[in-house]
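This report is for a reader who is meeting the structure for the first time. Please look over the sequence and the model below before reading on.

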Amino acid sequence: MARQASELFEEFKELTASEFFRRNKQMLGFSGKIRSLTMVFHELITNSLDATEEAGILPEITIDLKRVDKDHYILKHRDNGPGIPEDFITKVFCTMFAGSKFRNIQSRGQQGIGCSGCVLLSQMTTGKPAKIVSGYKENGELKGVEMTFKMDVKKNQGLILEKRPVEVESTGVHIELHFKDVSYSLSEQGAYEYIRRTMIANPHAKITFRDPTGHKYILDRATEEIPPLPKEVLPHPRGVTADDLIFMAKHTDRRRFRSLLTTSLSRMSNKKVDEVEEITGIDLNKRPKDMKWEEAEKIVETFSSMDFMAPPTSGLIPIGKNQVEKGMREILNPEFAAANTRKPTTYRGGVSFIIEAGISYGGESGRIVGDQKRAEIMRFANRVPLTFDQGSCAITEALKSIDWKRYGIRDLDNAPITVFVNIVSTNVPYLSTGKQSIAPEPEILHEVRQATMKIARSLQKYIRAKKAAKEEELRSKIFETYVPVILKEAAILAGKDVPEYDHILSKVTRRPKIVGENNVE
Ligand SMILES: Nc1ncnc2c1ncn2[C@@H]1O[C@H](COP(=O)(O)OP(=O)(O)O)[C@@H](O)[C@H]1O
Ligand SMILES: [Mg+2]
C-alpha cells in the first residue's frame, strides 16, 4: 500500500552544523591520515597567529605531538596569545560557525569552523574529551581556567565535564586533544613541512615543536617586527551581488537606501548614488526594507557599467619583501634569496589583492627526490601555506607559464630552487571549500608572473656571475701553476738568475668578486 506524506514526513529532521560535518568531515579537509593531521596543525596554528597578531603580541607557539600507539596521537598546542575568556571557551571549541572574524578583513581564518572541527575529529576518532587551559585578562586581572569538555553534536554546543580555576603565569591558550586514524609524516604534505612553511611566511613567529620521536625543533623568529593589523574595508560596488545588497538592506539600521549605499560600500559618494538613480530610474530614497530583488539586480548591473575609484588597499598588509627574504634565509639557508612585493591591484574589478614572490637558490632550497634536487613551489594565501591541490592552483599555473629558459633555468622542475608566492586579500578566490587552491583570475595570473619574473632576472644575474667567477678562478689557477715553472726554465735556458715574479703573478691572477647578489630594488 502506498505511504501517505504524513507518514513519510514523520522522519523529517534538521541537521545541526556539527552533525553535518560529522558526516562530511572531508569538507573540513579531514581526508586521509596525513592530511587530517596537517589540517589540525593548520587550524590551531592559524588561530594562534591570528590571536597574537590581533593582540599585538610576538607569537610563541609550542607544539608537542606524542604517539601513544600506532595511529593514536596526543597533541598539545600552546600559545602566548590573549587567551579566551571562560564563557567563550566551549563556544569557540564546540560550536560550528562561531567566531570573531566574520568581517571584510584580511585574516587567516574566517569561517568559525577551525577549532570546533579539530575537537569534532578528536571526538569522532577517539571518543575522548578535549582539555583546555586558558589564561586571559579581565578588568586588568590575570585569570586562569582549566576545562574538559565534549561536543554535543546534536545541539552544536559544548558539554562541560570538569572546570576549575587554575593559576597561570601569563595569557594564552593550551589545548590538549587525542587523535586516532591520523599520521605524522615528513613529506611535503605532512605536518612538519606545514610548520616550516608557516615560518617562512611569518618570520615574526617562534615555534617549538617536539615530534613523535622526541626530537625537538626550535624554529626561531627571523624578525621582531609584529605585522601591522589589517583594517576592515568596506566592499567595493563592483564586488557585491544582488543578494549582498538585499542582505545588507535587511540588516541595516539606515532609514534610506541611499545612505545604506554610501555607508556600506567603499567609493560610493552621493554623486555616485545620484548617477545610479539616474541610470536605473529607481527612487533611492526608499526604505531599505522595500528594496525589491529586481531593483537590486538592476543596481548591481549599473555598478558594473560605472567608473569607480579602485577599492581602498589600506586594509591589506603584505609580508613585505625584506621579511619574505629574511624568512627564506632563516629557514632555507640559501646562497641566494630575493623577494618582491607588487603594488595592490584588483580582480573582478572590485576585489583588491597583493602578490608577493620570493626565490631562493642553493642551501636547502628545493626538495630532495631520490638523489636529485627538484624545484619546490610554496604557495600561500594571507601567510597561510596551501599544501594540497597544487596542480589546480592559479599560482602553479602562472609559474609554469613563465619561460624559465630566459632566466637561465633550463627546466623548472629540476632546478635547486624554492619559489615562494603569497596572495594577500580580504577575499581570496579559492576554488573549493578545502581552501587549498586559487581560482585562475587573469589579473592574479598576471601579477604572479610579473612578481616572479623580476626576481628570476636577479637570480639569473647571480648564477651568471657565479659561473664567470668560477671560470676566472680556474684560469688563475693555471697561471699560478705554470708561470713560475716557465720563468724558472726560461732563466736556466738563458743562463740568468730567476727573476722576482710575485708582482707579475698578482697582475694576471686577479680574483674576481661575485656581483649581482640581491640587487632587486
Ligand atoms: N588560540 C586562540 N586564542 C584566542 N582566541 C582564539 C584562539 N583560537 C580561536 N580563537 C577564537 O575562536 C574563534 C573561532 O576560531 P575558529 O573556529 O578557528 O574560526 P575562525 O578562525 O575562522 O574565526 C576565533 O575567531 C577567535 O575569536
Ligand atoms: Mg581558525
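## Polar contacts of ligand 1

In this predicted model, a nitrogen atom of ligand 1 lies 2.8 Å from an N or O atom in the side chain of Asp79. Backbone atoms take part as well: an oxygen atom of ligand 1 is 3.1 Å from a polar backbone atom of Gly114, and an oxygen atom of ligand 1 is 3.2 Å from a polar backbone atom of Cys115. Taken alone, ligand 1 exposes 530 Å², and the protein buries 90% of that area.

## The shell around ligand 1

Ligand 1 is surrounded by 18 residues. Asn47, Asp79, Ser100, Lys101 and Gly112 are the closest of them. Sorted by class, the shell consists of 9 polar, 7 nonpolar and 2 charged residues.

Two helices each supply at least two residues of this shell: helix 3, which spans 33-55, and helix 5, which spans 114-126.

## Ser107 and its loop

Ser107 is found in the loop between helix 4 (89-94) and helix 5. Ser107 has a relative accessible area of 12%, so it counts as buried, the cut-off being under 20%. Setting aside neighbours within four places in sequence, Ser107 is in contact with Asp50, Lys101 and Asn382.

A disulfide is a covalent bond between the sulfur atoms of two cysteines. How many disulfides does the model have? The count comes to 0.

Cys94 shows why for its own case: the closest cysteine sulfur, in Cys115, is 9.8 Å from the sulfur of Cys94, which is too far for a bond. The cut-off for a disulfide is a pair of sulfur atoms within 2.5 Å. Cys94 is buried, and its relative accessible area is 0%.

Cys118 is likewise in no disulfide. Its nearest cysteine sulfur is that of Cys115, 6.7 Å away. Cys118 is also buried, at 0% relative accessibility.

## Helix 6

Is helix 6 mostly covered or mostly open? Helix 6, made up of residues 191-201, is mostly covered, with 11 of its 11 residues buried. Among the buried residues are Glu193, Arg196 and Arg197, along with Ala191, Ile195, Met199 and Ile200. Tyr192, Tyr194, Thr198 and Ala201 are buried too.

Note on methods: Residues are numbered from 1 along each chain as its sequence is written. Chains are lettered from A and ligands numbered from 1 in the order in which they are written. This is a predicted model: local features need pLDDT of at least 70, side-chain atom pairs count only at pLDDT 80 or more; totals for chains, interfaces and linings use all residues. Side-chain values use heavy atoms; hydrogens and water are left out. A residue is near a molecule or strand if one of its heavy atoms lies within 4 Å of it. A polar contact is a pair of N or O atoms within 3.5 Å; within protein, one must be able to donate a hydrogen and the other to accept it, and residues adjacent in sequence count only if both atoms are side-chain atoms. Accessible areas come from the Shrake-Rupley method with a 1.4 Å probe; for residues, only the protein chains shown count as cover. Helices (H or I, at least four residues) and strands (E, at least two) are DSSP runs, numbered from the N terminus. Ala, Val, Leu, Ile, Met, Phe, Trp, Tyr, Cys and Pro count as nonpolar, Asp, Glu, Lys and Arg as charged, and the others, Gly among them, as polar. Buried means under 20% relative accessible area, exposed over 50%, partly exposed in between (1.4 Å probe, protein chains only). Contact means heavy atoms within 4.5 Å.
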